[in-house]
Amino acid sequence: LSINAEKGIKVEVVDNETNVTTTFDSIRKAAIALGCSKNAIHYYEKQRLKTREIKLLKGRYIINVIRS
């Protein structure tokens, strides 16, 4: 499991209301914690790369996908 964690895509989530940053080991884990689908996180990542604007997921969370 530790090998997969190293290869996984990290997701950094900033709660815009509390200013707390949480890092998840995978998109799936972030989606479960936020109560959304993996596709929603992929969508916000693509929109951020495309428009260079920060959009909030659920009107609250800033998503930053870290691909290594």
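Biologist: In this predicted model, is Ser26 buried or exposed?

Modeller: Ser26 is buried, since its relative accessible area is 18% and the cut-off for that label is under 20%. Ser26 sits in the loop between E2 and H2. Apart from neighbours within four places in sequence, Ser26 is in contact with Ile9 and Val11.

Biologist: How should I read Lys7 by the same labels: buried or exposed?

Modeller: Lys7 belongs to helix H1, residues 2-7, and its relative accessibility of 63% makes Lys7 exposed. As a distance check, Lys7 and Ile41 lie 34 residues apart in sequence and 18 Å apart in space, taken C-alpha to C-alpha.

Biologist: Now the charged side chains. How many salt bridges are there?

Modeller: The general idea is that side chains of opposite charge can pair when their charged atoms come close. The cut-off used here is a nitrogen of Lys or Arg within 4 Å of a carboxyl oxygen of Asp or Glu. In this structure the count is 4 salt bridges. One of them joins the side chains of Asp25 and Lys10, with N to O at 3.2 Å.

Biologist: Which parts of the chain does the pair of Asp25 and Lys10 tie together?

Modeller: Asp25 is in the loop between strand E2 (20-24) and helix H2 (27-34), while Lys10 is in strand E1 (residues 10-15), so the pair ties together parts 15 residues apart in sequence. Asp25 is partly exposed, at 34% relative accessibility. Lys10 is also partly exposed, at 27%.

Biologist: Which residue forms a salt bridge with Glu17?

Modeller: Arg60 does, and the closest N and O atoms of the two are 3.6 Å apart. This pair links distant parts of the chain: Glu17 is in the loop between E1 and E2, and Arg60 is in the loop between helix H3 (38-51) and strand E3 (61-66), 43 residues apart. Glu17 is exposed, with a relative accessible area of 60%, whereas Arg60 is partly exposed at 25%. Asp15, Glu17 and Arg60 are linked in a network of salt bridges.

Biologist: What does the salt bridge between Arg67 and Glu45 look like?

Modeller: The two side chains meet at 2.9 Å, N to O. Arg67 is in the segment after E3 and Glu45 in helix H3, so this pair ties together parts 22 residues apart in sequence. Arg67 is partly exposed at 46% relative accessibility, but Glu45 is buried, with a relative accessible area of 12%.

Biologist: Next, the nonpolar core. Which residues of the largest one touch the most other members?

Modeller: In soluble globular proteins, nonpolar side chains tend to be buried together. Here the largest nonpolar core has 14 residues, and those touching the most other members are Val13, Leu34, Cys36, Ile41, Leu57 and Ile63. E1, H2, H3 and E3 each give two or more residues to this core, with H2 giving the most, 4 residues. As for Ile41, its contacts beyond four places in sequence are Ile27, Ala30, Ala31, Cys36, Ile63 and Val65.

Biologist: Which residues of H2 are buried?

Modeller: An α-helix has 3.6 residues a turn, so residues three or four places apart point the same way. In H2 the buried residues are Ile27, Ala30, Ala31 and Leu34. Their arc around the axis is only 100 degrees, which puts them on the same side of H2. The cover over the buried residues of H2 includes E1, E2, H3 and E3. Just after H2, Gly35 has a positive phi of about 70 degrees.

Conventions: Residues are numbered from 1 along each chain as its sequence is written. This is a predicted model: local features need pLDDT of at least 70, side-chain atom pairs count only at pLDDT 80 or more; totals for chains, interfaces and linings use all residues. Side-chain values use heavy atoms; hydrogens and water are left out. Buried means under 20% relative accessible area, exposed over 50%, partly exposed in between (1.4 Å probe, protein chains only). A nonpolar core is a set of buried Ala, Val, Leu, Ile, Met, Phe, Trp, Tyr and Cys residues joined through side-chain atoms within 4.5 Å. Contact means heavy atoms within 4.5 Å. The arc is that of the directions from the helix axis to the C-beta atoms.
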